[in-house]
Amino acid sequence: MKRVTVGGQELAYHESGGAGRPVVLVHGNSSSSRTWGALVAGSFGDEFRCLAFDLPGHGSSDRAKVPDDYCLPGYAANLAGFMAATGAEDAVVVGWSLGGHIALEAAPRLSSAAGFVIFGTPPVASAADLATAFLPNPAMNVGFSAEVDADAAHDYAASFLAPGSEFSVSAFVADILATDGAARAGLMASLGAGRFADEVAIVAALTRPLAVLQGEGEQLVSLDYLRGVPMPTLWRGEVQVLPGAGHAPQEETPDAFAEVLTQFLADLP
């Protein structure tokens with residue numbers, strides 16, 4: 001694992017050995033760069049230069065030096081700074097769940113990014129959209145709670161998978177319990193205060209290709225809502241539904257996930 005300092009914040013990250021187009025991977029709430037392990041260590045990482053970093057307060061990165069930075073604008077600044085510090089300004093940005101919202105928040109300042117891939121991420125214009133963008137799953141509340149015990153972490157992790165999945169949640173649980181509780185509480189407070197950009201407007205104005213993926217067994221995000229968001233640069237003209245996966249296809253169906261990413265990169269100009 002490598003480390004880089006961005007705006008006074010030390011971030012930990014993994015880098016694959018591939019020499020192809022850079023791909024910056026942004027994990028979700030209460031997760032870490034660990035979630036991209038199969039992608040970074042597999043044939044995809046052998047071909048492309050994958051850069052997977054830990055957000056402040058997550059994984060092996062330091063806690064946020066300023067607690068108010070636990071918000072979408074703060075994380076977007078981390079992403080933009082990380083891409084600049086690692087010479088990956090022209091990367092494809094792949095964001096999972098919260099990571100997708102971070103990618104959208106940062107998109108207007110990432111003028112050299114080649115494209116964007118989001119999944120588990122419904123673009124919202126304001127807090128009023130949250131009720132329809134997300135499915136009514138009580139496990140989501142854990143993602144905004146400062147104090148999380150092992151049982152709550154297990155329930156939250158289970159919501160990442162397709163219903164009935166036998167995939168182990170142990171690594172998810174470890175990441176959740178290791179995350180700085182202030183990061184979850186700070187995110188909740190910032191969302192309540194409206195401290196995030198109009199993501200619907202951002203995707204409507206986007207000039208770079210945007211791939212939107214959704215696990216067929218997704219338990220947290222509404223596919224109907226996603227399909228109703230105007231996205232002029234949407235790859236292949238529709239949301240790509242991934243069979244056999246829920247909220248975390250990068251872990252449940254890593255080979256199929258890597259293949260879709262490879263196809264997206266192949267279609268870029």
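User: How many salt bridges does the structure hold?

Analyst: Before counting, please keep in mind that this is a predicted model. Side chains of opposite charge can pair when their charged atoms come close. Among the pairs in this structure are R3 with D62 and D175 with R34, and the number of salt bridges that the structure holds is seven.

User: How many residues apart in sequence are the parts that the salt bridge between R3 and D62 ties together?

Analyst: The side chains of R3 and D62 meet in a salt bridge at 3.5 Å, taken from N to O. R3 belongs to strand β1, whereas D62 sits in the loop between β4 (48–53) and α3, so the pair ties together parts whose separation in sequence is 59 residues.

User: Is D175, which meets R34 in a salt bridge, buried or exposed?

Analyst: The N to O distance in the salt bridge of D175 and R34 is 2.9 Å. D175 lies in helix α7 and R34 in the loop between β3 (20–26) and α1 (37–41), so this pair ties together parts that are 141 residues apart in sequence. R34 has a relative accessible area of 29% and is therefore partly exposed, but D175 has a value of 11%, which falls under the 20% limit and makes D175 buried.

User: Which residue of β2 stands opposite R3?

Analyst: Strand β1 (residues 2–6) and strand β2 (residues 9–15) pair in the antiparallel sense over five bridges. The two strands form a hairpin with two residues between them, and G7 in the turn has a positive phi of about 55°. Within this pairing, the residue of β2 that stands opposite R3 is A12.

User: Which helices are included in what covers the buried residues of α8?

Analyst: Helix α8 (residues 181–192) has twelve residues and reaches 17 Å from its first C-alpha to its last, which is close to the 16 Å expected. Its buried residues are G181, A183, R184, G186, L187, S190 and L191. In an α-helix, residues three or four places apart point the same way. What covers the buried residues of α8 includes α3 (72–85), α4 (98–106) and α7 (170–178).

User: What is the phi of S97?

Analyst: S97 is placed in the loop between β5 (92–96) and α4, and with a relative accessible area of 15% it is buried. Most residues other than glycine have a negative phi. S97 is a residue other than glycine whose phi is positive, with a value near 55°.

User: What relative accessibility does V239 have, and is V239 buried or exposed?

Analyst: V239 has its place in the loop between α10 (223–227) and β8 (240–242). Leaving aside its neighbours within four places in sequence, V239 is in contact with V212, L213, Q214, L223, L226, R227 and L234. The limit for a buried residue is under 20%, and V239 therefore counts as buried, with a relative accessibility of 6%.

Conventions:
Residues numbered from 1 in each chain as written. Predicted model: local features only at pLDDT ≥ 70, side-chain atom pairs only at ≥ 80, totals over all residues. Heavy atoms only, no water. Pairing = 2+ DSSP bridges. Helix = DSSP H or I, 4+ residues; strand = E, 2+ residues; numbered from the N terminus. Expected span 1.5 Å × (residues − 1). Buried < 20%, exposed > 50% of the residue type's maximum accessible area, 1.4 Å probe, protein only. Contact = heavy atoms within 4.5 Å. Salt bridge = Lys/Arg side-chain N within 4 Å of Asp/Glu carboxyl O.
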